[in-house]
Amino acid sequence: QSSGKSSVLESLVGRDILPRGTGIVTRRPLILQLVHVDPEDRKKTSEENGTEGEEWGKFLHTKNKIFTDFDEIRQEIEAETERISGNNKGISDEPIHLKIFSPNVVNLTLVDLPGITKVPVGDQPKDIEIQIRELIFKFISNPNSIILAVTAANTDMATSEALKVAREVDPDGRRTLAVVTKLDLMDAGTDAMDVLMGRVIPVKLGIIGVVNRSQLDINHKKLVADAIRDEHAFLQKKYPSLANRNGTKYLAKTLNRLLMHHIRDCLPELKTRINVLAAQYQSLLNSYGEPVDDQSATLLQLITKFAAEYCRTIEGTAKYIETAELCGGARICYIFHETFGRTLESVDPLGGLTTIDVLTAIRNATGPRPALFVPEVSFELLVKRQVKRLEEPSLRCVELVHEEMQRIIQHCSNYSTQELLRFPKLHDAIVEVVTSLLRKRLPVTNEMVHNLVAIELAYINTKHPDFADACGLMNNNIEEQRRNRMRDLPAAVPRDKAAAGVPVGEQGEGGTGNWRGMLKKGEESAAGQPPFPSSPLKSHAVNLLDVPVPVSRKLTAREQRDCEVIERLIKSYFLIVRKNIQDSVPKAVMHFLVNHVKDCLQSELVGQLYKSALLNDLLTESEDMAQRRSEAADMLRALQKASQVIAEIRETHMW
């Protein structure tokens with residue numbers, strides 16, 4: 001605070017423009033752009049602006065107003081500071097922008113920042129020091145900025161707050177330049193020689209000493225030009241060996257040189273950035289497309305492009321291949337072979353069939369006569385019931401493919417046919433046409449898939465070669481198992497009795513009213529008749545209709561065998577049908593839904609949308625599109641101009 005920062009800036013400008021005084025005067029950042037104007041340019045600009053003077057200023061907040069009176073500029077800065085920061089020492093981080101045009105300045109942009117204070121005064125908040133520090137860091141942390149650390153010569157350099165703060169963001173000192181002010185105010189018998197030679201604290205960009213006007217000089221309206229002359233005389237007298245490497249003029253030249261070198265170092269990267277941005281805006285502009293001249297040609301082109309892209313997405317030859325997830329043809333393939341295939345494979349051939357169900361079906365198919373052989377009708381009934389279960393997953397497969405065909409529409413309009421986003425009405429119309437085409441094909445495809453299952457149900461082909469093989473194999477197995485069972489029977493039971501299944505034992509074992517009691521726990525007789533009571537005295541009437549239907553019971557060897565035969569036959573035949581369905585459903589879906597939509601899409605879109613009455617409506621751009629197009633074009637022009645300016649930059653020498 002009060003080290004002479006504003007005075008240094010003023011001497012660089014060569015005019016009184018900044019509010020001065022004691023205490024904290026700079027309470028908002030002031031971004032000061034110095035623009036060197038040649039005498040010829042100056043005349044031209046003066047005529048355009050109607051200004052007389054050779055130097056003038058402009059504020060960003062007063063738009064195009066031109067200030068030729070520098071006292072007015074100072075008053076405007078004071079007023080603008082008070083407008084935002086109040087009039088009692090408060091600070092604000094909102095900058096004031098000022099441009100000074102003059103033949104006496106070098107091209108430089110400077111930022112005047114509030115100095116660090118430790119104790120709050122006036123309206124300042126308790127954390128004023130932290131606030132000012134944050135504000136300073138906001139500006140000096142930018143790696144493209146050069147830090148001017150201003151310290152008064154009559155204080156100890158080692159305690160310089162400015163250098164300390166600069167070190168925090170620029171530890172190597174690559175972009176810090178030290179300025180030592182108030183050389184003329186040092187104690188008698190001391191000088192700043194060691195400091196200016198860099199012996200106290202070395203600074204890479206150098207240390208430059210300056211002598212500013214005192215407050216008395218300012219009050220007496222001493223001109224900056226006179227002050228610079230006096231400064232030169234003071235340096236020659238006091239520091240003759242260092243005179244030509246210190247002073248305001250040398251500081252201005254050094255800063256200009258640093259700025260130019262810095263710009264030159266940044267140019268390649270800047271150029272690259274501008275080129276990248278220009279390319280981005282160019283592609284953005286291309287995506288907005290040209291304003292439509294020939295409507296019918298544009299419409300036809302967009303429809304054709306969409307249809308082609310839709311088909312390509314299904315075939316897998318689309319320009320924009322999705323990497324995040326499966327889409328289009330790949331997803332349809334996944335549905336057929338993974339989702340549908342696995343679902344079918346998980347269908348248990350005997351699912352939902354208990355042994356009792358099988359037995360009941362056999363008995364029902366026998367009618368009133370006990371059967372000698374397993375009736376075929378029971379096999380047909382049961383196998384049809386199992387095959388019917390394949391219909392639901394097959395219809396679900398159609399549904400999934402239909403959903404994916406619907407998703408492809410979105411994929412095409414998002415990635416491939418981005419021009420469609422320009423014409424929301426056309427986009428909606430295309431979506432509507434494709435959706436209704438898909439909707440129309442859905443019942444046809446479902447019908448076909450339903451028929452595929454119905455065909456399998458219509459004729460149970462027991463002469464199917466695969467089935468015949470399975471039967472032959474199975475008969476051999478059953479025969480072998482029967483022989484094994486006979487061999488394993490306990491020796492006590494005579495073979496003929498065991499084979500004939502004659503009932504053994506007494507009635508009393510399970511009570512009369514229960515099925516197990518009537519049929520005994522052992523084997524049921526082949527014809528399933530209840531055993532005779534052992535004694536006529538014990539007998540009493542049994543109401544056969546009251547006998548409960550068995551929930552589970554032990555089967556006889558014959559029943560066991562019959563059930564096994566039927567279950568194996570069902571399983572064998574079911575697997576044959578499942579294989580057929582697994583093969584034919586995807587083919588049907590491809591033919592009736594996917595390929596049909598692919599073949600008819602273009603003609604359907606053209607037929608529904610390519611009508612002169614619809615042209616104007618469909619090709620209405622979204623409202624902000626024209627605006628976005630012109631903004632992108634302006635930005636592109638600005639970037640091209642910037643690129644041109646960079647190409648022309650040469651190092652400029654002033655003074």
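**Entry 1: who lines the largest pocket**

I began with the strand β5 (147-152), which gives the most to the lining of the largest pocket, with six residues. I kept in mind that this is a predicted model. Next I looked up which other elements take part. Besides β5, at least two residues each come from α1 (5-13), β4 (108-112), α4 (128-140), α5 (161-169) and α9 (248-288).

**Entry 2: the space itself**

How much space lies in the largest pocket? I noted about 1,300 Å³. I then counted the lining and found 45 residues. Nearest the centre of this pocket I found Val111, Ile140, Ile146, Ile147 and Leu148. Sorting the lining by class, I wrote down 25 nonpolar residues, 14 polar ones and six charged ones.

**Entry 3: on to the cavities**

A friendly reminder to myself: rolling a probe the size of a water molecule over the atoms shows where empty space is left. How many cavities of 30 Å³ or more are there? I got a count of two. For the largest cavity I noted about 100 Å³ of space.

**Entry 4: around the largest cavity**

I listed 13 residues lining the largest cavity, with Ser7, Ser11, Asn212, Arg213 and Ala227 nearest its centre. Two elements give two or more residues to this lining, α1 and α8 (224-238). Which element has the largest share of the lining of the largest cavity? I found that α8 does, with four residues. By class, I recorded five nonpolar, four polar and four charged residues in the lining of the largest cavity.

**Entry 5: one link to remember**

I marked α1 in my drawing for both spaces: α1 supplies at least two residues to the lining of the largest pocket, and α1 gives two or more to that of the largest cavity.

Conventions
Residues numbered from 1 in each chain as written. Predicted model: local features only at pLDDT ≥ 70, side-chain atom pairs only at ≥ 80, totals over all residues. Heavy atoms only, no water. 1 Å grid on protein atoms, 1.4 Å probe; cavity = no way out; pocket = protein on both sides within 12 Å on 5 of 7 lines; lining within 4 Å. Points joined across faces, edges and corners; volume = space filled by probe spheres on them. Nonpolar A, V, L, I, M, F, W, Y, C, P; charged D, E, K, R; others polar.
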